[in-house]
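Here are a few friendly notes to read alongside the structure. Please keep the model open and find each place as you go.

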Amino acid sequence: MTTIPTARPLRRIVLGITGGIAAYKAAELTRLLVKEGIAVEVVMTPAATQFIAPMTLQALSGNPVLTDLWHSGAANAMGHIDLSRHADAIVVAPASADFIAKRAQGHADDLLSTLCLARNCPLLVAPTMNVQMWTNPATQRNVAQLKADGIEMLGPGSGGQACGEVGDGRMIEPEEILAGLIAWAQPKLLAGKRVLLTAGPTFEAIDPVRGVTNLSSGKMGFALAQACAEAGAAVTLVAGPTAQPTPAGVMRVDVRSAADMAEAVDSVVKACDIFIAVAAVADYTPADAQAKKLKKSAQPLTLALKPTVDILAAVAARPKAPYCVGFAAETNDVNENAEAKRRRKKLPLLVANRAQDTLGQDENEVTLLDDAGAHPLPRMDKLALARRLVAEIAQRLPRT
Ligand code: CTP
């Protein structure tokens with residue numbers, strides 16, 4: 001087996017701050033980056049210092065804040081070059097319309113713009129501006145130029161703005177910038193692939209107000225959808241009832257019952273390269289769901305159940321089946337039960353775990369089962385595990 005590719009390193013970044021009201025959020029972003037173990041060197045434009053004091057960023061980053069091209073403190077007066085040589089990336093947040101225009105033109109008239117022009121590391125920008133400034137054709141032209149130059153855009157978001165107007169152009173939140181940065185750093189192992197996932201529980205109606213469901217939180221399936229999107233795949237996530245937020249860039253289809261889930265999967269599976277069944281699909285559904293609410297009586301009530309469709313087995317049995325990955329949550333004899341399931345459903349890969357280890361938990365410990373045998377993985381949080389599973393799936397995909 002080949003080694004698992006790792007993400008781009010994120011040990012040290014230069015955080016550029018330009019003049020915009022969202023500059024105050026750069027303080028929180030600095031705190032989050034430092035908490036993540038990333039060394040941060042802050043460079044501010046003169047305009048940015050009108051919105052937030054350099055001392056705030058200095059205290060949070062633990063490093064001197066640089067604001068001036070002419071007093072950058074570098075012994076050889078090459079601070080604008082030296083800074084990016086030690087950085088894994090430059091992140092500019094907030095990035096004003098003016099900064100973006102300067103980048104499109106390649107201007108270098110202050111420390112931050114000179115540093116960006118002289119950089120030999122990637123540049124990511126989180127735009128911030130009024131909706132009219134953002135939608136202005138000049139800005140859109142500039143943004144298109146930045147993208148063409150390989151500069152990564154983090155946002156902007158949409159919503160109420162400091163000026164009172166509503167629309168696109170607000171800087172995304174510091175947590176989203178950090179998540180975007182980490183996502184960007186992931187290896188693009190599934191670029192060009194279309195991935196379909198199921199996640200969460202299903203809910204099988206007994207009557208209009210009652211039903212049969214299970215304890216699945218959807219965390220593992222949503223983490224995998226996020227990891228697949230980070231790895232460059234086009235992702236469709238068919239989700240049972242769950243409160244999980246939709247990961248960035250993932251197309252989500254909400255369903256309720258096993259039958260709804262089977263139908264949703266059926267309508268998109270043909271166009272997919274990979275199918276990952278993480279959902280805890282009900283194996284049985286009430287044989288005769290009542291249209292009206294059941295009334296209580298003194299008599300015992302027997303609920304007749306009928307089997308549901310096995311969505312994963314049906315997909316794996318298709319003539320041109322995508323690469324199918326199953327999950328098995330077992331309470332006992334985990335590997336034996338799971339391997340039997342893998343063979344029964346004819347799956348190239350199955351992720352086995354103990355039901356009590358995964359249901360509702362933030363971490364999980366799994367064993368991968370494939371034709372070569374059992375491969376245990378260490379215990380880790382579900383997002384780290386999801387990224388590892390993406391790497392495991394990517395290296396098992398049939399070469400096309
Ligand atoms: N699965 C599915 N459709 C179903 C039942 C299960 O797609 N109706 C998928 C799950 O998403 C999971 C795998 O099949 O990837 C294993 O599910 P599980 O319920 O553990 O397996 P079953 O075949 O139902 O076996 P059992 O309940 O007897 O353990």
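1. Where is the place of aspartate 333? Aspartate 333 sits in the loop between strand S16 (323-330) and helix H12 (334-345). Helices (H or I, at least four residues) and strands (E, at least two) are DSSP runs, numbered from the N terminus.

2. A word on the model before going further. This is a predicted model, in which local features need pLDDT of at least 70, side-chain atom pairs count only at pLDDT 80 or more, and totals for chains, interfaces and linings use all residues. Residues are numbered from 1 along each chain as its sequence is written, and side-chain values use heavy atoms, with hydrogens and water left out.

3. Back to aspartate 333: its phi is near 40°, a positive value in a residue other than glycine. Aspartate 333 is partly exposed, with a relative accessible area of 49%. Here buried means under 20% relative accessible area, exposed over 50%, and partly exposed in between (1.4 Å probe, protein chains only).

4. Now look at lysine 346, in the loop between H12 and strand S17 (349-354). Phi of lysine 346 is near 55°, again positive in a residue other than glycine. Lysine 346 counts as exposed because its relative accessibility is 67%.

5. Next, please find strand S1 (12-17). In S1, 5 of the 6 residues are buried, so this strand is largely enclosed by the rest of the structure.

6. Which strands does S1 pair with? Strand S2 (residues 39-44) pairs with S1 in the parallel sense over 6 bridges, and S3 runs parallel to S1, joined by 4 bridges. Two strands pair if DSSP finds at least two bridges between them. Leucine 15 has valine 42 in S2 as its bridge partner, while valine 14 has isoleucine 90 in S3.

7. S1, H1 and S2 together make a right-handed β-α-β unit. To check the hand, point the strands away from you: the crossover is right-handed if the path from the first strand over the helix to the second runs clockwise.

8. Two cis peptide bonds deserve a look. One joins alanine 93 and proline 94, with omega about -5°, and proline 94 belongs to strand S3 (residues 89-95). Another runs from glycine 155 to proline 156, with omega near 5°. Proline 156 lies in the loop between strand S5 (152-153) and strand S6 (157-160).

9. Finally, visit tyrosine 24, in the loop between S1 and helix H1 (25-35). Tyrosine 24 is partly exposed, at 49% relative accessible area.
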